[in-house]
Amino acid sequence: MQTNTQNTQNTQRMRAAEDRERVPDVVVITGMSGSGRTQALHVFEDMGYFCIDNLPPRLILTLADLVGINTGVGRHLAVTCDLRSQGLFTEFAESIDQLRAHEFTCTVVFLDTSDEVLMRRYDENRRRHPLAAPGESLAHTIARERTLLAAVRTASDLVIDTSHLRIKDLRARLRRAFSELGDQQLMEVSVFSFGFKHGMPAEADLMVDVRFLPNPFYDPEMRPLTGNDQLVADFVLNNPTTEKFLDAWWGLLDVVMPGYVAEGKAHLSIGVGCTGGQHRSVAIASATASYLEKGGYHVSLSHRDLPLAGARTS
């Protein structure tokens, strides 16, 4: 008889298989200039796609073959194609047909924005429209581009209006549609230990100071060891003060981590510091990484200052 854990694991495997089937080999991003194509491509980069900006349509198939997208490498391709390619853009539909004829699954995403919002964006950014002819007004350029893209918009698989869409909302929508991973797994979490005497870390988004915990350094047997050793880890973690702290620390993480995920944060760095970065911070950082992994986060663990400790292992 299967346990609840086995049932959960089986369900997760089935969902992962369904997601792999759902996510296309190639995503082509197109649409109005100023509608957010570059921001969209950054989202695909964060999801692990091989990304190219402003690729002439005739080169999509060549690139997909070159990278080996559908050969089991486990990676997908995302490109932007737009009217900056000028005459080559007329080959867009033919290029998409070629991809599918070569058994690549492909989704075309068209980003649209109202003329009013586009006018405001170009005005606020003090940017020239990339398609503007000498002496041509912005309004006329936008209207001309919209006419040229009408057929592509109609043929697209997904149209997203970004007129009133925040970046984080666009990110969430694209992740839901094109990622094999859940939102938690998409955020790279880096947990590391450090010693305050070796300098404060500049890269930490969250930092916790555990110098208030009992220090194994003052025990001659544990002094040359590290928080990776069971003797030290047990001393640090099985202490009433630590247990009380960890209850509060887990509670804080349970609140802030979903918030970072909801904001679409691509990378989160958590620093755990003690005096030398050898005992307490190492044990707490390891426990933190383990806790987050059990919560479904993609976590990497490192110990910044252990090489400076000159420690040995038991």
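Analyst: The account below starts with the pocket and then turns to the other parts.

This is a predicted model, in which local features need pLDDT of at least 70 and side-chain atom pairs count only at pLDDT 80 or more, while totals for chains, interfaces and linings use all residues. Residues are numbered from 1 along each chain as its sequence is written, and side-chain values use heavy atoms, with hydrogens and water left out.

A pocket here is an open set of points on a 1 Å grid over the protein atoms alone, where a 1.4 Å probe fits and protein lies on both sides within 12 Å along at least five of seven lines; its lining residues have an atom within 4 Å of a point. The largest pocket has a volume of about 460 Å³, taken as the space filled by probe spheres set on the points, which are joined across faces, edges and corners. Its lining consists of 20 residues, and Gly34, Ser35, Gly36, Gln39 and Arg127 lie nearest its centre. Two or more lining residues come from each of helix H2 (37-46), helix H5 (115-125) and helix H8 (167-178); helices are DSSP runs of H or I with at least four residues, strands are runs of E with at least two, and both are numbered from the N terminus. H5 gives the largest share, four residues. By type, the lining holds five nonpolar, eight polar and seven charged residues. In this division Ala, Val, Leu, Ile, Met, Phe, Trp, Tyr, Cys and Pro are nonpolar, Asp, Glu, Lys and Arg are charged, and the others, Gly among them, are polar.

Turning to the strands, E3 (residues 77-80) runs parallel to E1 (residues 26-31), joined to it by four bridges. E3 also runs parallel to E2 (residues 50-52), with three bridges; strands pair if DSSP finds at least two bridges between them. Valine 79 in E3 is the bridge partner of valine 28 and stands opposite isoleucine 52. Leu77 and Val79 point one way from E3, Ala78 and Thr80 the other, and all are buried, that is, under 20% relative accessible area, with exposed over 50% and partly exposed in between (1.4 Å probe, protein chains only).

The whole structure has zero disulfides, defined as pairs of cysteine sulfur atoms within 2.5 Å. Cysteine 106 is buried because its relative accessibility is 8%, and its sulfur lies 9.3 Å from the closest cysteine sulfur, in cysteine 81, too far for a bond.

Finally, arginine 153 belongs to helix H7 (residues 150-155). Arginine 153 is partly exposed, at 36% relative accessible area.
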